[in-house]
Amino acid sequence: MLSGGSGGGVGGAGAFLQGAAAAAASLLGPQASDEVQAQRRAICEGCELYTLGALGATCGSFGARQGPESAEHGCGCVLAVKIRGSFNACPRGKWT
Ligand code: SF4
């Protein structure tokens with residue numbers, strides 16, 4: 001997933017680099033099953049934070065956020081990446 005960030009708001013290049021590092025970890029680490037990914041995708045597509053932009057669907061606006069900020073505004077992850085990682089979780093607890 002594209003997540004990460006300091007919780008205090010990391011903007012610009014820092015947020016992008018943290019997000020990229022988290023995405024790489026999601027892509028290279030254990031992958032969720034196709035069934036789990038499909039379930040996650042369906043939940044995200046019905047979520048109020050589902051956002052379509054230049055990078056495709058993201059959890060809120062793109063950018064690394066964690067903690068309370070992530071729960072409120074979304075983690076900023078690219079969802080196509082986030083849902084793949086076996087150990088990723090929705091910041092609002094809608095899926096694990
Ligand atoms: S990860 Fe959670 S909060 Fe983000 S879009 Fe998906 S369901 Fe919504």
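Student: Okay, two strands pair if DSSP finds at least two bridges between them. Which strands form a hairpin here?

Tutor: Strand 1 and strand 2 form one, with 2 residues between them. Helices (H or I, at least four residues) and strands (E, at least two) are DSSP runs, numbered from the N terminus. This is a predicted model, in which local features need pLDDT of at least 70 and side-chain atom pairs count only at pLDDT 80 or more, while totals for chains, interfaces and linings use all residues. Residues are numbered from 1 along each chain as its sequence is written.

Student: In what sense do strand 1 and strand 2 pair?

Tutor: Strand 1 (residues 50–53) and strand 2 (residues 56–59) pair in the antiparallel sense, over 4 bridges. Cys 59 in strand 2 is the bridge partner of Tyr 50.

Student: And in what order do the elements run?

Tutor: From the N terminus on, the order is α-α-β-β-α-α. That makes 4 helices and 2 strands in the protein chain.

Student: Why does Pro 91 count as buried?

Tutor: Because Pro 91 has 25 C-beta neighbours inside 10 Å. The label buried takes 20 or more other C-beta atoms within 10 Å of a residue's own, exposed takes 12 or fewer, and partly exposed is in between, with C-beta atoms placed from the backbone.

Student: Where is Pro 91, and what does Pro 91 touch?

Tutor: Pro 91 sits in the segment after helix 4. Not counting residues up to four places away in sequence, Pro 91 touches Cys 59, Ser 70, Ala 71, Gly 74 and Cys 75. Contact means C-beta atoms, placed from the backbone, within 7 Å.

Student: New topic. How is the confidence?

Tutor: The mean pLDDT of the protein chain is 85, and 86% of its residues reach 70 or more. pLDDT is the predictor's confidence in each residue, from 0 to 100.

Student: Which element has the lowest mean pLDDT?

Tutor: Helix 1, at 73, while helix 2 (residues 34–45) has the highest, 98. Over residues 1–9, pLDDT stays under 50.

Key: Contact = placed C-beta atoms within 7 Å.
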